[in-house]
Structure formats: structure tokens, C-alpha cells
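Dear colleague,

I am passing on a structure that I would like you to look over. The sequence and coordinates come first, and my notes on them follow.

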Amino acid sequence: FFAHLVILVHTQHAKRKDEIWHGKLCQVEELLRTHFDVKINQDAIMRWNLVRAMLIFTCTSTCFIVNVCYAMRSSDFILLLSAHDYCLKTIINLRYLQNSMRLDLIKQHILALHKAVRKVVDRNQIEWKLIFVVDKFNQRYDQAMKIDDAKDVLIFKRIHAAIYESTKLLENCFGWSLLAMLSFTFINLTSNFYWCCLAFFHIDERFETIDCIADITPPI
């Protein structure tokens with residue numbers, strides 16, 4: 001519950017930074033499309049994120065059903081308490097998923113930047129531009145890979161700066177909530193692994209191995 005509370009408070013606190021983060025990536029996308037005709041396939045990214053979210057929901061829901069089926073055998077079973085526990089864990093898993101999606105989105109922008117650089121370099125190679133590099137030992141190297149347009153260099157610097165700022169903003173958007181989530185996941189896994197060992201080695205007959213594995217699977 002404490003981890004859940006930290007997530008809610010931190011999400012509200014970081015809302016403005018989250019908007020700036022989206023703006024930075026939109027700026028990168030606009031520069032890449034306008035100056036280098038490089039587009040990021042947002043539809044493909046959204047489809048993959050949707051598939052991933054559905055897989056996680058299916059997995060966690062299946063594990064929850066297994067836990068409930070085993071818990072119903074107990075005389076002190078309370079369905080509302082189990083449902084509440086499942087909702088809290090699902091919110092934490094969603095926050096993990098959201099963080100993972102943001103990282104993937106930054107990765108796609110970095111790959112698009114790399115594609116734009118390669119495009120400019122290939123264009124310069126086609127124009128047969130050749131330079132010579134001389135090092136401190138007076139050894140000369142032929143180098144055909146070159147970006148000699150100052151405008152391109154400045155745009156690449158702007159894109160690089162925007163991506164760098166977006167990574168720092170992402171740290172601010174997820175910092176404290178991610179720390180609380182990781183602490184919860186560590187404690188949750190440690191205790192559940194303990195129950196799993198009791199079940200696996202038949203030390204305590206109250207615990208079932210399948211039930212304990214269903215508890216461990218979602219956080220892993």
C-alpha cells in the first residue's frame with residue numbers, strides 16, 4: 001500500500017515533467033521528419049506495446065485466479081482482500097510496463113537518429129567527397145565518411161540534446177516511484193521464495209508449490 005501511495009503522489013508531482021518529456025520527443029521526431037525524411041513508426045510501437053500489455057495482464061490474471069482457487073480452501077479466505085491485493089500489484093506492474101515503454105520509445109528515437117546520420121554520410125559518399133586526416137605521428141588516413149554541412153551538424157546537436165534531456169526527465173518522472181516499486185518487489189519476492197521453499201521441500205503442508213509459483217511469476 002505504501003508503494004502504491006508513493007506511485008500516486010509521485011505521478012501527480014511529475015505530471016509537468018511528463019508533459020515536457022513528451023514535448024522533447026515530439027521535437028526530435030519533427031526535426032528528423034522535416035530535415036532528414038526519417039519517420040518513426042508510432043503505429044508499430046503502439047501495437048507492440050498493446051500486445052505486451054495484454055500478455056502481462058493475461059499472465060497476472062491467470063496467476064491471480066490460481067492463487068484465489070488455492071486460497072478458497074482456507075477457512076479465513078476473504079475475496080475482497082485478495083482482489084485488493086491483486087489491484088495494488090497490477091498497478092505496480094503497469095508502472096513497470098509504462099517505464100519500459102518509455103525506454104523503448106527513447107530507443108526508437110536514437111535508432112532514428114542513427115538512421116539519419118547514416119543517410120547524410122551515404123549522401124556525402126555518393127558525392128565523392130574525400131578528406132585526409134593526419135594524426136600526431138604524421139600518418140595519413142583516407143576517410144570518406146563525413147558530415148560537412150554545418151546546418152546538418154547543428155540539427156544533429158539539437159536532436160542529441162533533446163534526447164539527452166528526455167532521458168534526464170524520465171529519471172525525474174520515475175525516480176521515487178521506481179525506488180518504492182523495486183523495494184516492494186524485492187520484499188515480495190523474498191517472502192514468496194521463502195514460502196515456495198517450504199512448499200517445494202514439503203516442510204509445511206499448508207503451502208502448495210503451484211500456488212507459490214503463481215505468486216512469484218508476476219513480479220519476475
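Is D37 buried or exposed? D37 is exposed, because its relative accessible area is 53%, where exposed means over 50%, buried under 20% and partly exposed in between, with a 1.4 Å probe and protein chains only.

Before the rest, two points on how to read these notes. The model is predicted, so that local features need pLDDT of at least 70 and side-chain atom pairs count only at pLDDT 80 or more, while totals for chains, interfaces and linings use all residues. Residues are numbered from 1 along each chain as its sequence is written, and side-chain values use heavy atoms, with hydrogens and water left out.

**Overall layout**

The protein chain has six helices and two strands, these being DSSP runs numbered from the N terminus (helices H or I with at least four residues, strands E with at least two). In sequence order the pattern is α-α-α-α-β-β-α-α. Of the 220 residues in the protein chain, 31% are buried. If one takes the contacts (heavy atoms within 4.5 Å) between residues at least 6 apart in sequence, 76% of them join residues at least 24 apart.

Helix α5 covers residues 150-200, and although it has 51 residues, its end C-alpha atoms are only 66 Å apart, whereas a straight helix would reach 75 Å at 1.5 Å a residue; the expected span is 1.5 Å times one less than the number of residues. In α5 there is also a kink of about 50°, centred on G175, the bend at a residue being the angle between axes fitted to the seven residues ending there and the seven starting there.

Just after α5 comes H202, with a positive phi of about 55°. H202 belongs to the loop between α5 and α6 and counts as exposed because its relative accessible area is 57%. D37, which is not a glycine, likewise has a positive phi of about 55°, and it sits in the loop between α2 (15-36) and α3. For context, most residues other than glycine have a negative phi.

D152, in helix α5, counts as buried because its relative accessibility is 8%. Leaving aside neighbours within four places in sequence, D152 is in contact with F36, V120, R123 and I147. N188 is also in α5 and is buried, with a relative accessible area of 11%; with the neighbours within four places again set aside, its contacts are K89 and P219.

In helix α4 lies A112, which counts as buried at 6% relative accessibility. Not counting residues up to four places away in sequence, A112 touches L32, V38 and I40.

**Pockets and the cavity**

These were found on a 1 Å grid over the protein atoms alone: a cavity is a set of points where a 1.4 Å probe fits but cannot get out, a pocket is an open set with protein on both sides within 12 Å along at least five of seven lines, and lining residues have an atom within 4 Å of a point. Grid points are joined across faces, edges and corners, and a volume is the space filled by probe spheres set on the points.

The largest pocket has a volume of about 970 Å³. The elements giving two or more residues to its lining are α3, α4, α5 and α6 (209-216), and α4 gives the most, with nine residues. Of the 36 lining residues, N67, A71, S82, D85 and D215 lie nearest the centre of this pocket. By class the lining has 18 nonpolar, nine polar and nine charged residues, where Ala, Val, Leu, Ile, Met, Phe, Trp, Tyr, Cys and Pro count as nonpolar, Asp, Glu, Lys and Arg as charged, and the others, Gly among them, as polar.

The second largest pocket, of about 230 Å³, has a lining that includes I56, T60, N93 and P219, and its residues divide into seven nonpolar, three polar and no charged.

There is one cavity of 30 Å³ or more, and it is lined by I56, F57, T60, T90, N93 and L94. Helices α3 (42-71) and α4 (79-126) each supply at least two residues of that lining.

Best regards
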